[in-house]
Amino acid sequence: LQNAELGKRAPRWIRDNEVTMCMKCKEPFNALTRRRHHCRACGHVVCWKCSDYKAHLEYDGNKLNKVCKDCYHVIIGCTDSEEKKKKGILEIESAEVSGNSVICSFLQYMEKSKPWQKAWCVIPKQEAVVLYMYGAPQDVKALATIPLLGYTVDDAPRSADLPHSFKLTQSKSVHSFAADNEELKQKWLKVIHLAVKGETPECQNELQVS
């Protein structure tokens, strides 16, 4: 919702399973200390610390509702200059880059000898040579970024368990990925083959994968 509409219309609630961290302070959720709460104004999933504010919401008959810090400041009309600090590279919101991406989807990811993990991977249009990795599609901070320029692509699968895998290597760093199917793997490779040479794909819209 735009700032002017906060509290006037019911927001779209982001589902709990769409995030792995608080959408405000970026602390990871865990079962004990960080339960998920919803801001009743913007619908974002936040931790208890960031939902410890209350404001009167017009769409709910002006009743007092739990809201996040950002919405609280907007609704009561005071700005927090601290919030305006420049975002770091990892702090670009996933929804922001996914909505304007060359390609985005879940991929399995493995680094060195760590176990495989599922990551929401995005190559944004404005930086089509960088791969962003998030824990979930609505996370507000990336877990990692890989500048693809100069990487070597090896698309021969290593294991029978993950037949649709490929590997990116550059000197000592090795990143392994696996797609759910061959078609998705080829879509990613098409973009990555260009990115490692510093080129950007022309037919970007064909590569949207939800």
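**The sheet and its surroundings**

Analyst: Strand 5 (101-111) and strand 11 (residues 173-178) run antiparallel and are joined by four bridges. Strands here are DSSP runs of E with at least two residues, helices are runs of H or I with at least four, and both are numbered from the N terminus. This is a predicted model, in which local features need pLDDT of at least 70 and side-chain atom pairs count only at pLDDT 80 or more, while totals for chains, interfaces and linings use all residues. Residues are numbered from 1 along each chain as its sequence is written, and side-chain values use heavy atoms, leaving out hydrogens and water.

User: Which residue in strand 11 does Q108 stand opposite?

Analyst: Q108 stands opposite A178.

User: What is the strand order in the open sheet?

Analyst: The order is 8-7-6-5-11-10-9, seven strands with antiparallel pairing; two strands pair if DSSP finds at least two bridges between them. Strand 8 (144-147) and strand 9 (152-154) stand at the edges with a single partner strand each, so one side of each has no neighbour in the sheet.

User: Now to W116: where is it found?

Analyst: W116 is in the loop between strand 5 and strand 6 (117-124).

User: What is W116 in contact with, leaving aside neighbours within four places in sequence?

Analyst: Its contacts (heavy atoms within 4.5 Å) include Q108, L162 and A178. The C-alpha atoms of W116 and A178 are separated by 9.1 Å.
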